[in-house]
Amino acid sequence: MIKPQLTPPNVRPNSRWNSITTSRHFVYVLIAPLFLILLAYVIYPFFQTFLQSIKQDGSFSLQNYSRFFSLEHTSNLEALWTSVYISVLSVITCGIVGVGMAFLLERYEFPGRKLLSVLALVPMALPPLIGVLSFEFLYGSSGIIPRGLQHLLHLEQPPFVLKGIWGVLVVHTFTMYTYFYMTASSAIKGLDPSLEEAAANLGASRLTIWRRVILPMLTPAIVAASLLVFMISMASYTAPLIFGIERTMTMQIYLSRTNGDLDMAATQSTLLSMVSILFLILMRWYQGARNYQNMSKGVSVHRTEVKSKAGRNIAMVLSFLGVLVLMLPILIIVLLAFSEDGTWTTQVLPPSYTLDHFKDLFTDSKTWRPIANSFKISIAATIGNLLFGVAAAYAIVRMNFKGKTLLDILIMLPWALPGTVVAVNLISAFSEPNVFSFGQVLIGSFWILPLAYFVRHLPLIFRSTSSTLMQTDRSVEEAARNLGASWWYTFRRVVFPMALSGILAGTLLALVEGIGEFVASILLYTNETTPISVEIFQRMYAFEFGTACAYGVLQIVMIILVLFISRKLTGGNTGSAI
Amino acid sequence: MIGVTLDRVSKQFDKARGVENVDIQIKPGEFFTFLGPSGCGKTTTLRMIAGFYYPSDGRILFGDRNVTNMPPNKRNTGMVFQNYALFPHMTVFENIAFGLQVRKQGKAEIREKVTRAQKLVHLDGYGERRIDQLSGGQQQRVALARALVIEPNILLLDEPLSNLDAKLREETRQEIKRLQLELGITTIYVTHDQSEAMSMSDRIMVMKEGVVQQIGTPQEIYNRPVNRFVASFIGESNLWEGTVERMDGETAQVRLTPDLLLTGLAANASPECKLAVGQKVTLSVRPEAISEADPSERGKANTFAVKVLLSEFTGVSMNYIAEAGPISVKAMFVGQGQRMRQRDEEALFTVARDSIYFLG
């Protein structure tokens, strides 16, 4: 038997570090830098934009707002209206597609179900700009499908063409239904089957069970997803840009900025932010209000097998179509990446193919430059996100301090802000030297881009880390302390390793999001710092589809790689990171 | 009141073991318990009665009616689930009223019945509470009220007490028994807790790995277990192996060790046990059937010396684990007023002839 040791090992009772870390105010030492960063790069730029919107020639004035709401030049009001109704329609279409798919895939067993449920998340693998471009290539006015059908059926005109608001809506549905799909399918998985059995036992028919038990239990998930999709649709910039809808809020901001009307851009940004923040608050309030998911052991959900012959055939055809629709955008980008620049004009498919674009990507210094830029910017921003995100997640999950809710809200704020707004805010704040930019003008320099990416992706690592931290038991840390480990030792040897999978998943995601970033970059880049997505956009306008798509393939490959790795890391629970 | 018949019911699953050939007749108004360790098929059997599984073979009858393939919502059984399965998006009142609303009863009637059901389980005034505002015991009673309010033909209880703490379990157990007696409803109860089963049931069915071991009243199962499994699963028991040495009219003598010969009554043998000279048998002796003998009785029949390994005082009883040579002896003395024996002490134990039971 081991004799009890009376002196605790290796503890220096008078160590100054120890006395600091055990102080009750130590927590404020830890969180002060977090608040400072948020103040400098989120609140201050936001406030500067607001100031700019209510100032005219140095004095307070609401003139910008009266211009915005003026009934003589209604372009701004129209833009607001268009943004709102596109968003409402997007919520409806995404809801129908997403919830429908979730039910089909979670509740029924049919040929092709497995493949379809893997591919259902493909839209997440598309970088924003490439996603929209693929739709333009496939279904747009010179798209492959309309032209192909025209050719095949010998028609005068293409039978249909995706353009305008319909184009925006279809792209929104394709890229955003995943939010509904993911929340609804995890809610369906979380439904305790014994509830349905209890209802059946009490005499309820299949229909009554749906109406009275299943749908009410899914309502929270559906409402949360609706708010999210609304918010993202309001912030959507790429789809209106490619489909030429100028009268949306984001496009108006972009136009005001490029026309040099910075006051108006500030006003439009402020108003759009208000709407987004309102929805963020609504969402958080609603998430706190109700949660019906219960964890209970017992029988797992049974999938109803589609048994009838006709049913199976229909299911097979529909799954095939589903797979096709989901895969086509990626396939078309890959195909075009091999087409020779400038040769594809009126043919259905590009006539000649080459491998040169991929070779050039890595060998030609001109085409390599944007890739190097994107990596540099993204890595710099991600390092910042990593330090900030892990510290903030630990503080929020494990510590008690005043201002916790405030910190939480401030971190989520950049997520609610449209990328366009983030860019405008940074322009307002860092066009002149100030304390937070260490006396430099950041606009026009390299560093404004990492800063923008940092702000935009602030919540990513924070969220993935805090969700893994929440799953680990606090008593493990207490056990480490009890065994004589200091706070820092515990953090290093216990907390960090336990949260590592979440940290890594979030870091990879932030990195790859940075490489796909377009919306803020287009307002902030210079010729020296052009990132990949902006380069793709420019190549498109130069009709160099091949090169543009080769960049796109690179982005897609990186995203798929990251999604795959983080699925492995978090044990299939990618939802936590996204 | 209605009886339930399971007519040679079997259930096979793809991979997991189901149940084999369950053949029982539950009488109207009876409190019938399925007892066994987890995975023994008791819940599967109950779920077939509720209609969540359909038997692969055999028939289920409610009274004279064949319900083998009837969907669960047509059976009019009230079930209390292990995790209660209360609807989290409804209040207590709405939960209890659910079954009545499905049955399209009038508003006033529903209100009256729900109120009565709430009184029955001592939850009057809790109608507007949300489910997550209730304690575990209260949730349990809501589940019970929800099952009873529809006036079911049969009440099905799937380990309803397993999520409650010890004291609450005791109270709720008596509460369920009281309600069952008052309402006279045919009740099928599933549990792995033998003391629960013993105290509540009219009859018990003991199951193991999908096979029925024994069906009988608590006394029969306790005093005349058919095999080693039942003897050890129901209460504590000493199971000693030995060889029959002599059959002498009504008694049988069994040698356990060269020094230890026990005599029991031949009538106290399970049907699976054939008593014959030279036959290997297992003896089941309940700990409370062992008592301490006076030193003067040393050498008499069924009296043997032991060495105490462990002694504990529980208030009600003194429990010993001792050894007689290679044999381990569990003994429990209730209210015998002796001095507590300590570890390594010698003691003299005796077993009454009629409390030895022969197993196969």
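These legends walk you through a few close-up views of a predicted model.

**View 1. Helix α2 packs against helix α17 in chain A.**
Two packed helices are described by the angle between their axes and the distance between the axes. Here helix α2 (residues 26-53) and helix α17 (residues 404-416) of chain A have axes that come within 11 Å and cross at roughly 35 degrees. The crossing of α2(A) and α17(A) is left-handed. On the α2(A) side, look for A:Leu34, A:Phe35, A:Leu38, A:Val42 and A:Ile43. Helix α17(A) brings A:Leu406, A:Leu407, A:Leu410, A:Ile411, A:Leu413 and A:Pro414 to the contact. By class, the contact of α2(A) with α17(A) holds 11 nonpolar residues, with no polar and no charged ones.

**View 2. A:Tyr237 and A:Phe518 form an aromatic pair in chain A.**
Searching the whole structure turns up 27 aromatic pairs over all chains. In this one, the ring centres of A:Tyr237 and A:Phe518 are 6.2 Å apart and the ring planes stand at 35 degrees, so the pair is tilted. The two residues are 281 residues apart and link distant parts of the chain. You will find A:Tyr237 in the loop between α10 (206-235) and α11 (238-242) of chain A, and A:Phe518 in the loop between α22 (487-516) and α23 (521-524) of chain A. Both A:Tyr237 and A:Phe518 are buried. They also belong to one aromatic cluster together with A:Tyr254, A:Phe537 and A:Tyr541.

**View 3. B:Tyr320 and B:Phe333 pair up in chain B.**
With centres 5.4 Å apart and planes at 55 degrees, the rings of B:Tyr320 and B:Phe333 make a tilted pair. B:Tyr320 sits in strand β17 (residues 317-324) of chain B, and B:Phe333 in strand β18 (residues 327-334) of chain B, 13 residues apart. B:Tyr320 has a relative accessible area of 3%, so B:Tyr320 is buried. B:Phe333 counts as buried too, at 2% relative accessibility.

**View 4. Two arginines of chain B lie over aromatic rings.**
B:Arg47 lies over the face of B:Tyr53, at 4.7 Å from the ring centre. B:Arg146 lies over the face of B:Phe87, at 4.9 Å from the ring centre.

**View 5. B:Thr191 and its contacts.**
Look for B:Thr191 in strand β8 (residues 186-191) of chain B. Its relative accessible area is 2%, so B:Thr191 is buried. Leaving aside residues up to four places away in sequence, B:Thr191 touches B:Thr33, B:Phe34, B:Leu35, B:Gly36, B:Lys42, B:Glu159, B:Glu196 and B:Ala197.

Conventions
Residues are numbered from 1 along each chain as its sequence is written. Chains are lettered from A and ligands numbered from 1 in the order in which they are written. This is a predicted model: local features need pLDDT of at least 70, side-chain atom pairs count only at pLDDT 80 or more; totals for chains, interfaces and linings use all residues. Side-chain values use heavy atoms; hydrogens and water are left out. Axes are lines fitted to C-alpha atoms, for helices over the stretch in contact, and angles run from 0 to 180 degrees between N-to-C directions. Helices (H or I, at least four residues) and strands (E, at least two) are DSSP runs, numbered from the N terminus. A crossing is left-handed if the near helix is turned anticlockwise from the far one by less than a right angle, and right-handed if clockwise. Contact means heavy atoms within 4.5 Å. Ala, Val, Leu, Ile, Met, Phe, Trp, Tyr, Cys and Pro count as nonpolar, Asp, Glu, Lys and Arg as charged, and the others, Gly among them, as polar. Rings of Phe, Tyr and Trp (its six-membered ring) pair if their centres lie within 6.5 Å; planes under 30 degrees apart count as stacked, over 60 as edge-to-face and the rest as tilted. Buried means under 20% relative accessible area, exposed over 50%, partly exposed in between (1.4 Å probe, protein chains only). A charge sits over a ring if NZ of Lys or CZ of Arg is within 6 Å of the ring centre and within 35 degrees of the ring normal.
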